[in-house]
Amino acid sequence: MKRTLFRLAAAVAATLALVTVSTAPSQAAVPDRKGWVLYNAPAASIVGFGTWPAATTVTPLAPAGRYQVRFPGQAASGGVVHVTAVNSVPHWCQVEAWGISLSDEIVNLRCYKAGGVLDPTSFSAFFTSASGLGGFGPYGYAFSSATGTVVNQYNSSGAGNTVTPGPVGQYFVRFPGLVTGGPIDGSLQATAVNSATGARCKIAKWSSTATGQDVMVFCFDSAGAFMNTAFTVTYQYKVSLYGASIPPKYFGYVLNVPPVGPPTTNFNSIVGLSANTIVAAGAGLSLVTFPRIGFTPNTVQVTAFGTTPDFCGMNTFWGNFGSPDVVVRDVNCFTSAGAPSGNGFLVSASSIL
C-alpha cells in the first residue's frame, strides 16, 4: 500500500513540476490574480459571459478529454484551481497541473465520462491566487498532496491551514482563525488534482467552530472506491469565491444537503441570507436561482456534498436573466455508474463586478 501511495505521489509531483509554489508572506491584498472560463466543447469556443479575462483561451490536448487553459496576465505563485463539468451526460473534470508561463497562468485539465474514460466535455474552470492579510473574509484555500502535505495555502486571518490524512481517501482540513457563528457557515468547493487517473473529491461534511472551519474532504476513483489523491479546497464566508468583496458586489452561494441547508450556508450579496432557491427539476436535477447577482462576466462552480461517491456538475450553461438573476438549469448529480442521484451539493456564483 505504501508503495502505491509513493508511486501516486511521485506521478502527481512530476506533473506539478510546472507549478510555482510560494508560502512566503506578501503585502498584497486578496486576490493577487484570478481568472475563469466557460468552455463550449461542441463549438470549441469560449462563452464570453462566463469568461474573464476576455482573451482567455482553451486548447484541446491529446488524448481527447484533456485541455489547456491560458489566463492572460494572471501569472501568480501557488493558488488553487476548481473545475466543474457542464454536460447533460454524466461527466466530471479534474485538474492536472497549473503554473506560470511568462505573464500568463496556465491550467491543464482532464475530463471523464462515467466509468473513467477520458472524454471531451464543456466545463467551467476557475483560478485564484491570494497573499497577505485579507481585508475581507473569512476566506481561505489549500492545495494538498495525496499524502496530506500542504503544497500551498491561503488564510485571510494569517494562520496556517492544515491537512491531516485519515483512512484511504479521507482528509481532515482545518482553516484556523476563520471564525464564524456556527454550527456550519459559508460554503466550500473541492476538486481532485491527478494527472494519472480519474479522481473525484467532494465535501463530506464540515463544522464552524470557535477556532475556525473543520472540513472533511472525501476522494474517490472512477469506480467510486476511496483513493488517495491531491486536491484543492476553498472556503468562503460572505465573500466571492476568489476572496474579495465590494468589489465584487455580486456573488452568492448555497448548500443543498438536501434539502436547502441552514440560512448561514445560503448567502446572496444583494438580498442577504436565505435568498437563493433550489427547486427539484427531475431525477438528480436541481434548478438553482441566485436573485439579482447575474452581472457578467461571472462564474459558477459546483461540488458534491456528502459521504457517498456520487458526483455533481451542471446540465448546461447557467443564464443571467430578469433582474438579472443567475439561473443554473440545472445542477445534475450522478452515481459512479452514471445513474441520476439526489446527492447534496454546494454551488457558488461570483461576478467580476
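A cavity, on a 1 Å grid over the protein atoms alone, is a set of points where a 1.4 Å probe fits but cannot get out, and its lining residues have an atom within 4 Å of a point. Grid points are joined across faces, edges and corners, and a volume is the space filled by probe spheres set on the points.

The legends below describe a predicted model, in which local features need pLDDT of at least 70 and side-chain atom pairs count only at pLDDT 80 or more, while totals for chains, interfaces and linings use all residues. Residues are numbered from 1 along each chain as its sequence is written, and side-chain values use heavy atoms, with hydrogens and water left out.

Figure 1. Helices (H or I, at least four residues) and strands (E, at least two) are DSSP runs, numbered from the N terminus. The C-alpha trace spans about 55 × 45 × 40 Å along its principal axes. Of the 353 residues, 59% are buried; buried means under 20% relative accessible area, exposed over 50%, and partly exposed in between (1.4 Å probe, protein chains only). The accessible surface comes to about 12,300 Å², and carbon and sulfur atoms hold 60% of this area. Accessible areas come from the Shrake-Rupley method with a 1.4 Å probe; for residues, only the protein chains shown count as cover. Among contacts with a separation of 6 or more, 66% are between residues 24 or more positions apart, where contact means heavy atoms within 4.5 Å.

**Figure 2. The largest cavity holds about 200 Å³ of space.** The count of cavities of 30 Å³ or more comes to one. Its lining is made of 21 residues, and Trp 92, Cys 93, Ala 190, Cys 201 and Cys 312 lie nearest the centre. Six strands, β5 (80–86), β6 (91–101), β14 (187–193), β15 (199–208), β23 (298–305) and β24 (311–314), each supply at least two lining residues. The largest share, four residues, comes from β15. By class, 14 lining residues are nonpolar, four are polar and three are charged. In this scheme Ala, Val, Leu, Ile, Met, Phe, Trp, Tyr, Cys and Pro count as nonpolar, Asp, Glu, Lys and Arg as charged, and the others, Gly among them, as polar.

**Figure 3. A disulfide joins Cys 93 and Cys 111.** A disulfide is a pair of cysteine sulfur atoms within 2.5 Å, and in this pair the sulfur atoms are 2.2 Å apart. The link connects distant parts of the chain, with Cys 93 in strand β6 and Cys 111 in strand β7 (residues 104–113), 18 residues apart. The torsion about the S-S bond of Cys 93 and Cys 111 is about 105 degrees, so this disulfide is right-handed. Cys 93 counts as buried because its relative accessibility is 7%, and Cys 111 counts as buried because its value is 0%.

**Figure 4. Cys 201 and Cys 219 form a disulfide with sulfur atoms 2.1 Å apart.** This pair also links distant parts of the chain: Cys 201 belongs to strand β15 and Cys 219 to strand β16 (residues 212–221), 18 residues apart. With 110 degrees about the S-S bond, the link is right-handed. Both cysteines, Cys 201 and Cys 219, are buried.

**Figure 5. Cys 312 is joined to Cys 333 by a disulfide, S to S 2.1 Å.** Distant parts of the chain are linked here, as Cys 312 is in strand β24 and Cys 333 in strand β26 (residues 325–334), 21 residues apart. The S-S torsion of Cys 312 and Cys 333 is about 105 degrees, and the disulfide is therefore right-handed. Cys 312 is buried, with a relative accessible area of 11%, and Cys 333 is buried at 3%. A search of the whole structure finds three disulfides. When the bonded cysteines are numbered in sequence order, the pairing is 1-2, 3-4, 5-6.

**Figure 6. Asp 119 is placed in the loop between β8 (117–118) and β9 (122–129).** Asp 119 and Phe 305 are 186 residues apart in sequence, and their C-alpha atoms are 24 Å apart in space.

**Figure 7. Thr 289 lies in strand β22 (residues 285–290).** Thr 289 counts as buried because its relative accessibility is 16%. Apart from neighbours within four places in sequence, Thr 289 is in contact with Asn 276, Thr 277, Asp 325, Val 326 and Val 327.

Definitions and conventions. On a 1 Å grid over the protein atoms alone, a cavity is a set of points where a 1.4 Å probe fits but cannot get out, and a pocket is an open set with protein on both sides within 12 Å along at least five of seven lines; lining residues have an atom within 4 Å of a point.
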